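Hi,

Here is the structure I promised to pass on. Please have a look at it first; my notes on what turned up follow below.

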Amino acid sequence: MKAHPEISPPRWATRLLSWYCKPDLLEDLQGDLNEYFARNVEEKGVRQARLIYIIDVLKFFRLYTVRKPEFLNLLIHWIMIGSYIRTSGRNIVRNKLFSAINIIGLAISMSVGLLLIAMLMDLFAYDKFHEKHERIYRVKSKYTFNNKSDHGFMATTSLKAARAIDESVTGVEDIAILHRDFSGDVTFGEQKIPLRGFWANEGMFKVFSFQLLQGNPLTALKAPFSIVLTEKSALKIFGEINVLGKTVILHRGDKPEQNREYTITGIMKDVPVFSHIKFDMLGSLSTREVTEAENKQEMKWDNIWHAWTYLLLPEETSVEELEKSFAKLSGKEDMTVPLTHIELALQPMDDIMTGEDLGNQIGTTMGDTVVRIFSILSFIVVLSACLNYTNLSIARSFRRSREVGIRKAIGALKSHVINQFLIESVIISLLALVFSFGLFLLIKPHFLGMEKSLLELLVLDLSPVLVVTFILFAILVGVLAGIFPALFFSRINAVKVLKNLSAIPVLKGVTVRKVMIVFQYCISIIAITATLIIQKQYKHYLAYDLGFTTENILNVSLQGNKAELLKKELAELPEVRGISQSVLITSIGNYWGTMMKNPHDPLDSVGVNYNMIDENYLPLHDHKLLAGRNFKGSAGKTEESEVIVNMEILKHFNIAGQDPEKAIGEVIRVDRKDLTIIGVMKNFNYGRADDGNGRNNKVVMRYVPEQAQWLNVKINSTDWLETYSKIENIWKKIDPVHPLEAKFYEEQIAQTFQGMKASMKVGSFLAFLIICIASIGLLGMVVYSTETRLREVSIRKVFGADEMRLLFILSRGFLLLLIIAAAIGLPVTYLFFEAVFLPEIANHAPIGFFEMFVGFVTVMGLALLMIVTQTLKVARTNPAEDLRGD
Amino acid sequence: MKGTNLGEFEEIVLLTIAALVSDAYSVAICDELEKSIGRPAKLGVVHAVLNRLEEKGYVKSKLGEATKTRGGKRKRYYTVTNGGKAALIKVREVRDQLWNRIPELTLKKA
């Protein structure tokens, strides 16, 4: 009976109206709106008419039109909740397999969601402890030289800019300037504690809400040579915090002018965890006006790399206005440095943690890229788990529809059925939350340990707010997963269902689901295979033959201590087999370079890599000499006169016709010194195992033991822990200030490939995740199709088909899907690694048959297991059971 | 019980209903109002007033026959009750009294 069947008002608006409107007002209202709509269609066109209709519907939402909540209905819902929970519980228990798979699937994907929530909570908690955090802005700078601009802004500014803003720009309430590198060993009497911090001006405590326990916040950082310690630092040095006015010496180097006396003018509360600025102490910026008075760079306009400037702006300040005055300032100051332009801009402090990825951050930040990628990833994972739940529940509709039919026949409304199914899915998602919470606790340390910066940034501590958010998240997931099954079941026609089961609307979108399954399996195969390939690379690099041995060598960083003393003490340990010294550890990504003159062409100098070693270094590391001899030990400091070169040097400069024997005795000029070649060593990997140069770096070994920064200690021990603690004890005797920094060579190598390890972890977790989700999707499909084919199977059985045959018939379709998935996934992975990824990294291991097929076989095995168990269940049913009813 | 006094707009709407006699339903009232006061009357406002008038007992309504023009929805016709009529007469009396007391009312140039 529609007047204009072709032009009708938007359906959802009509529905909305009939939902909220009192029944006795509804008809008239609808009629009026229809009449106006028809009028408007003629006068103003369909679009405008629809818009007016919608606005009118919304405008009619008034006190007198709105339907009062029907208490009876609410009461029924309330009474029935108990019943819903009970039936849901029964259903969950009855279908243990389904429930388990659903719960596990949701749990796994939800754990990613929990991780994201916890991470976002942490990130958004950053810097909120500052009372005026909304009004604090950081000045950032962009460097342009000769019209060539840097890619992005730096978080730092020049001191000059900071001072100029302070003096000449209006509309700034307060300014805090921090300058890097106020660090060193704080010495008081016998105590010597290494601490780090910043130089800061007196605005520090006005802009930020760091609390001073002692001292005057307004003046603490005013006078030169003032120092403010955190509570923790003060306790470390003095064991108490009532130390105002005492003086300490900051030891920053060996020269006397690097060690100055500072007066303690303040003790502040420790820096909160969620502060993007972290420090142990602050020194007054005015100190630098004294110490750096001669330094011409200090106040230069283009020296934008060392200071951070934070502004506290009054309530109503226009950022644009301020940036305009910055532009004026730049215009003036650019004159002082030729060809340079520095652009200044503002960044709200609340954006620092999660915003733009700037260079030169004051501490570690997350940046929006990571947050965005992670959010999208978790959204996809959670959504696909929800979709699977939906699929699976609808696939099982044959079982549940009779129940729904009976419920409806005895008077359940649509909304009751919807409620029931929503409650069921929420219960399942809450159960999943319990598991995913466990999973969350389990993966948390792995996640944080993936990268050092994550450990510094995030705490992921549980708080009541976080737990509540988790529960809300679980409920949301439950509703999201359950809404479609609920709507589906609520539409079931009771009479039809009770009369004939096959009257249920047959599921649409089977093709879509097949595509989804192929896609999911494809991704899981890719993820597994990629992880295995990366793992192979990782292992390959760890076991890589560098051309010398790294086995059982503990590298101890000297940290400025005298090598001789430590060496003597260590040598007395029975486990120590030998000690050598070097200035750097090779093959872990350290490159030290100097210039060497070409002996055949005095004008040609070439960069060569070097290491400074003692006479024990080469034998200890098993470096092979091709000719000549090792260095001879010499007592005391001598002039550098001898050198050992590798074959590459002979080859590159064509020394002595590249004959190692003849090269002995030749004199080469390295680092402006004439050195005699006393030995020629075999080439080795000076750089990392994945360095493109491989063993072809030109390396000279120089004999300068007194320059050593590392001791290489060869250890033969059965109890590593004990040996390590022995070494630690010796270290403490020699250097009580700094903790021992010692690592096994192999550990150091492993550390340089940490990125690979992290991506392996992420990859395997992702693979696990996707497989779980894909399995659930597949299971839904298998169950759906076997249950719909139950009658076919029964008839086949009556006619004598055996189980194997049935199994084949039922699983054929799925096998095809899996094979398609593999046929796409494997070549894609192979091509990606072979053509894109591996050529980028040098000295890689080839992709083997093993890696390519393990993933495939595992995924196939899992999928087959599921198909076979489900189809077998159907194939084994007694045909009489099913056919009897007809 | 709400107050029983008649607002200015309510009065106009009530009069319109009375004037339209047997054809007084929301849209018609709106159109008529637009004609008489010369500015568009919003449907939502008119509806709210009709609802209030009914609550106060000045009008009563009943649903008419279904017609094709309104998407099959019936119109709600309003008629002025005796109470409504009394209220209208009372308002008019008050005004008349006041008018009578004014000796002369013409627009003069100041």
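**The interface between chains A and B**

Chain A and chain B bury about 1,800 Å² between them, with 51% of that area on carbon and sulfur atoms. Before you go further, please keep in mind that this is a predicted model.

On the chain A side, Glu27(A), Asp28(A) and Tyr64(A) together supply 29% of the area that chain A buries against chain B, more than any other three residues. The contact draws 19 residues from chain A and 22 residues from chain B.

In one of them, the side chain of Glu27(A) meets that of Arg74(B) at 2.9 Å, N to O.

Which element gives chain A the largest share of its side touching chain B? That is helix H2 (residues 23–44) of chain A, with 13 residues. By class, this side of chain A has eight nonpolar, three polar and eight charged residues.

**Chain B by itself**

Chain B has four helices and two strands, running α-α-α-β-β-α from the N terminus. Of its 110 residues, 37% count as buried. Its accessible surface comes to about 7,300 Å², and carbon and sulfur atoms hold 53% of that. Taking the contacts in chain B between residues at least 6 apart in sequence, 50% join residues at least 24 apart.

Happy to talk any of this through.

Best wishes

Notes
Residues numbered from 1 in each chain as written. Chains lettered and ligands numbered in written order. Predicted model: local features only at pLDDT ≥ 70, side-chain atom pairs only at ≥ 80, totals over all residues. Heavy atoms only, no water. Buried < 20%, exposed > 50% of the residue type's maximum accessible area, 1.4 Å probe, protein only. Contact = heavy atoms within 4.5 Å. Areas by Shrake-Rupley, 256 points an atom, 1.4 Å probe, with all protein chains shown as cover. Buried area = accessible area lost by both parts, 1.4 Å probe. Salt bridge = Lys/Arg side-chain N within 4 Å of Asp/Glu carboxyl O. Nonpolar A, V, L, I, M, F, W, Y, C, P; charged D, E, K, R; others polar.
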